[in-house]
Amino acid sequence: VYVTGANLTLTGDTSITDNNAENQGGGIYINAGTLNLTGSESDTEGYTYVTISSNHAELGGGVYAINANVISNLAKVYSNDASYGAGFALDSSILTMYNSEVYENTSDYDGGGLLLVNAAKADINASTIADNTAGRYGAGIYATVNELNIINSTISGNKAASYGGGIFFSGQDSLNLTYSTIANNIANTLG
């Protein structure tokens with residue numbers, strides 16, 4: 001899915017799966033718009049998730065966003081692969097994530113689950129980043145954002161070949177962890 005200068009909304013049990021892009025955005029590419037991934041909740045059926053899985057690209061296997069606003073609420077992003085940012089790759093974009101899962105994504109270099117670069121802020125709330133792999137830095141999250149807030153979330157079981165098994169943060173302001181669990185991550189060099 002390629003979107004530029006417009007908004008894209010995926011709702012309910014929508015799935016983006018088994019797609020390939022040579023460059024950016026195996027599943028979704030969005031430029032200068034808002035991407036809204038919103039599942040649903042009902043009293044009888046429980047949660048229904050938007051799923052983005054088994055996609056491939058050089059940058060952003062599942063989702064690539066540039067100059068965009070990305071909202072993920074009840075989404076599962078898993079089993080995607082890329083050289084950089086296997087689950088999500090966000091450049092100069094704002095991320096707001098709730099009740100979502102990013103797991104079992106694989107990057108050759110940085111950002112197995114999430115690659116967040118050149119942005120002002122990213123908020124991850126009540127979400128799980130687990131079992132992602134990076135060939136270099138930041139298996140769970142690779143972030144060079146001004147502010148990264150992780151609230152009521154779990155970062156676990158991620159493995160980086162070099163730095164930052166769970167999180168690699170090189171921001172200009174702060175990394176804030178609130179009521180969150182960072183556990184069982186592996187970095188072969190540091191962190």
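**From a loop to the parallel strands**

Tutor: Ala32 lies in the loop between strand E4 (28-31) and strand E5 (34-38); strands are DSSP runs of type E with at least two residues, numbered from the N terminus. This is a predicted model, in which local features need pLDDT of at least 70 and side-chain atom pairs count only at pLDDT 80 or more, while totals for chains, interfaces and linings use all residues. Residues are numbered from 1 along each chain as its sequence is written, and side-chain values use heavy atoms, with hydrogens and water left out.

Ala32 is not a glycine, yet its phi is positive, at about 55°. With a relative accessible area of 43%, Ala32 is partly exposed; that term covers values between buried (under 20%) and exposed (over 50%), with a 1.4 Å probe and protein chains only. Glu104 also has a positive phi of about 55° without being a glycine. The loop that holds Glu104 runs between strand E16 (101-103) and strand E17 (106-107). Glu104 is partly exposed at 44% relative accessibility.

Next come the strands. In a regular strand, side chains alternate between the two faces of the sheet. Strand E14 (residues 88-91) is covered on both faces: Phe88 and Leu90 are buried on one side, and Ala89 and Asp91 are buried on the other. On pairing, two strands count as paired if DSSP finds at least two bridges between them. Strand E10 (residues 63-66) runs parallel to E14 and is joined to it by four bridges, with Tyr64 opposite Ala89. Four bridges also join E14 to strand E18 (residues 114-117), again in parallel; here Asp91 stands opposite Val117.

The bridge partner of Leu114 in E22 is Ile141. E22 is in turn joined by three bridges to E26, also in parallel, and Ala143 stands opposite Phe169 in E26. Phe168 belongs to strand E26 (residues 167-169) and is buried, with a relative accessible area of 17%. Between the C-alpha atoms of Phe168 and Ile186 the distance in space is 12 Å, while the two are 18 residues apart in sequence.

Now the charges. A salt bridge is a side-chain nitrogen of Lys or Arg within 4 Å of a carboxyl oxygen of Asp or Glu. By this rule there are two salt bridges. One of them is between Asp110 and Arg136, at 2.8 Å from N to O. Asp110 sits in the loop between E17 and E18, and Arg136 in the loop between strand E21 (133-134) and E22, so this pair ties together parts 26 residues apart in sequence. Asp110 is buried at 4% relative accessibility, whereas Arg136 is partly exposed at 31%. Lys121 forms a salt bridge with Asp123, and their closest N and O atoms are 3.7 Å apart. Lys121 is partly exposed at 35% relative accessibility.
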